Amino acid sequence: MRLRSSAPFSALFFALLLALFSVLSCSADIPAGENKPAGVRNIILLIGDGMGPAQFGLLESYARRAPNSIYQGRPTAVSQLMQQGKVLLSDTGPHDVLVTDSACSATQLAIGEASGSEMIGLNARGDRVETILQKAKRAGMRTGLVSDTRITHATPAAFAAHQPHRRFENEIAADLLTTAPDLMLSGGLRYFLPQDAANISTEQQKKISAAQLTLKSKRTDQRNLLSKAQQQGYALAFSRDQLAQQQHLPVLGLFASSAMDDAIYARQNPASAQPDLNELTRKALQLLGASEHGFFLMVEGGQIDWAGHNNDAGALLHELLRFDAAIQEVVNWAADRDDTLVVLTADHETGGFGFSYSAHDVPAARTLPGNGMRGQAFAPNYNFAPLSLLDRLYAQKKGYYRLWADASTDASSDGNKGLPTADSLMAEVNAALDFPFSRTQAERVLRRDPNPHFDPQTDDPAGATQPHIEDFSDFYVYREERYLNALARELASAQSVVWSTGTHTAAPVPVVISGPEPILQNFQGFTQHAKLGHQLKALIKTD
């Protein structure tokens with residue numbers, strides 16, 4: 001009887017328990033910021049384009065373990081953020097496919113909804129959606145975009161433009177001025193100049209000439225977006241010195257015709273007229289930080305991705321170091337503040353990068369003094385990659401893209417005008433890298449195959465052949481960059497580096513969040529970029 005009489009109570013108890021569990025489970029999915037704690041005044045979003053878990057690992061391995069690390073025992077800015085906050089993993093893909101591109105992924109972070117491949121500022125249905133930057137402006141906050149690529153490129157564009165495809169950079173440039181962030185610092189001048197660029201004002205010509213930039217336009221119309229920007233109150237800057245003079249917002253800084261200099265070139269040319277990414281970030285914080293109502297700032301380390309596409313391990317390390325220097329500016333600025341949320345993540349991983357042990361150049365056996373060796377030599381079966389490789393990667397003097405261009409100057413292979421010769425390529429690689437490169441390797445890099453997509457009726461005859469890729473050729477979609485991928489394959493054994501693709505992977509990316517503890521509690525576990533974007537966007541209140 002007791003069992004029988006307790007059955008209704010047990011059923012009721014478990015029903016209540018299940019209901020409570022359901023409420024708790026649902027509440028865990030409520031986006032952060034719906035009940036926003038007071039105190040979040042500034043949001044700084046740092047995006048390492050192409051910076052997956054292995055890229056995070058390369059940065060930390062170099063900083064902590066390279067025999068001659070430039071960090072000399074101090075922590076990276078990335079690890080400082082990790083110590084201050086918390087670390088999550090995020091799925092970067094859109095709702096309908098596994099792998100994303102920068103436009104889609106950055107859009108998902110910007111609008112807080114699923115987007116489609118290569119879209120800018122649109123959701124998966126193709127609708128325009130207010131971005132976090134636009135919402136911040138509506139809330140009275142200052143806003144800024146900083147990138148070391150160009151301001152019309154996919155990642156910065158996703159926060160202030162709405163276009164069906166990322167390739168519409170002329171239209172994106174116009175959108176940027178419609179949205180009108182208070183600060184835009186990057187490359188991309190050619191999208192703001194009219195088709196007849198020589199007809200811009202004398203004042204504009206003088207400033208551009210003083211910055212050692214050329215008057216090249218990519219526009220197909222006569223719109224002078226520099227003049228439009230000035231009419232909207234923007235001060236223009238085209239060089240480090242011109243940027244340093246700016247003390248008030250709004251500011252439009254365009255420091256290259258297309259992309260800004262790569263990190264290796266910037267390191268070797270510190271007196272260049274072009275500011276580096278950490279300088280852009282410092283200036284952005286100085287100008288935006290004076291706002292009474294807080295600010296939203298997105299900073300992109302965009303050429304991490306490009307090094308990954310080129311499978312260029314040395315350039316990848318330098319791009320990570322450049323981005324870490326920019327992150328350090330943010331860490332220093334936000335130190336001891338309780339009103340600022342800093343979020344570091346990536347839009348995706350690029351290249352499938354990793355160090356790997358191999359049968360190449362297996363180290364010789366040696367004697368160890370320990371008493372556990374029992375008279376046996378220490379003799380690994382494989383090469384597990386010595387730490388000295390990290391210093392050798394840092395010693396690289398040119399990125400593959402610049403190296404290839406220099407090897408191609410006044411050189412051509414038989415039947416392939418404009419390409420390096422085997423001798424010129426061998427000479428450039430050996431001058432720029434601390435990894436010996438033979439003429440036989442150069443000849444293999446220069447191999448070409450018939451192009452199965454070539455149409456003799458409509459295509460340029462130069463496209464009848466394409467660079468040879470030994471395997472997985474469908475994953476090397478940028479035809480001219482295939483040479484750089486082939487070069488990377490030839491250097492792979494000596495560098496103990498493997499690459500799985502010339503494009504992106506679906507690897508989940510880290511999310512590092514630092515800021516007020518009540519806010520951090522809303523971010524946990526394995527997340528997704530659209531959800532992360534929704535959470536960040538919800539932190540901005542407009543009422």
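Buried here means under 20% relative accessible area, exposed means over 50%, and partly exposed is in between, using a 1.4 Å probe and protein chains only.

A quick word on where this comes from. This is a predicted model, where local features need pLDDT of at least 70 and side-chain atom pairs count only at pLDDT 80 or more, while totals for chains, interfaces and linings use all residues. Residues are numbered from 1 along each chain as its sequence is written, and side-chain values use heavy atoms, with hydrogens and water left out.

Back to our proline. Pro 194 sits in the loop between strand 4 (183–186) and helix 8 (202–210). Helices (H or I, at least four residues) and strands (E, at least two) are DSSP runs, numbered from the N terminus. What is Pro 194 in contact with, leaving aside its neighbours within four places in sequence? The partners are Ile 200, Ser 217, Asp 221, Gln 222, Arg 223 and Asn 224, where contact means heavy atoms within 4.5 Å. The C-alpha atoms of Pro 194 and Leu 215 are separated by 9.6 Å, and these two residues are 21 residues apart along the chain.

Now let's go to the inside. A nonpolar core is a set of buried Ala, Val, Leu, Ile, Met, Phe, Trp, Tyr and Cys residues joined through side-chain atoms within 4.5 Å. The largest one has 79 residues, and those with the most contacts inside it include Leu 46, Val 146, Leu 297 and Leu 425. Which helix gives the most to this core? That is helix 14 (residues 313–334), with 12 residues. There is also a second, separate core of 61 residues, and Phe 159, Ala 180, Ile 208 and Leu 236 are among its members.

Take Leu 297 for a moment. Not counting residues up to four places away in sequence, Leu 297 touches Ile 43, Ile 44, Leu 45, Gly 144, Leu 145, Val 146, Ala 284, Leu 285 and Leu 288. Three of those names come up again in helix 12: Ala 284, Leu 285 and Leu 288 are among the buried residues of that helix. Helix 12 (residues 277–288) is mostly covered, with 9 of its 12 residues buried. From its first C-alpha to its last, helix 12 reaches 16 Å, close to the 16 Å expected at 1.5 Å a residue; the expected span is 1.5 Å times one less than the number of residues.

On to charges. Side chains of opposite charge can pair when their charged atoms come close. A salt bridge here is a side-chain nitrogen of Lys or Arg within 4 Å of a carboxyl oxygen of Asp or Glu. How many salt bridges are there by this rule? The count comes to 24.

Let me show you a few. Arg 142 and Asp 182 meet through their side chains at 2.9 Å, N to O. Arg 142 lies in strand 3 (residues 142–147) and Asp 182 in the loop between helix 7 (169–179) and strand 4, so the pair ties together parts that are 40 residues apart in sequence. Arg 142 is partly exposed at 34%, whereas Asp 182 is buried at 9%.

Arg 439 is partly exposed at 38%, and Glu 443 is partly exposed at 39%. There is a network too: salt bridges link Asp 148, Asp 276, Glu 319 and Arg 322.

Last stop, some backbone details in loops. Where is the cis peptide bond? It runs from Leu 249 to Pro 250, with omega near 0°. Pro 250 is in the loop between helix 10 (240–244) and strand 6 (251–254).

Arg 374 has phi near 50°, a positive value in a residue other than glycine. This arginine is found in the loop between strand 10 and helix 15, and Arg 374 counts as exposed at 77% relative accessibility. Phe 472 also has a positive phi, near 50°. Its place is in the loop between strand 12 (465–467) and helix 19 (482–495), and Phe 472 is exposed, at 54%.
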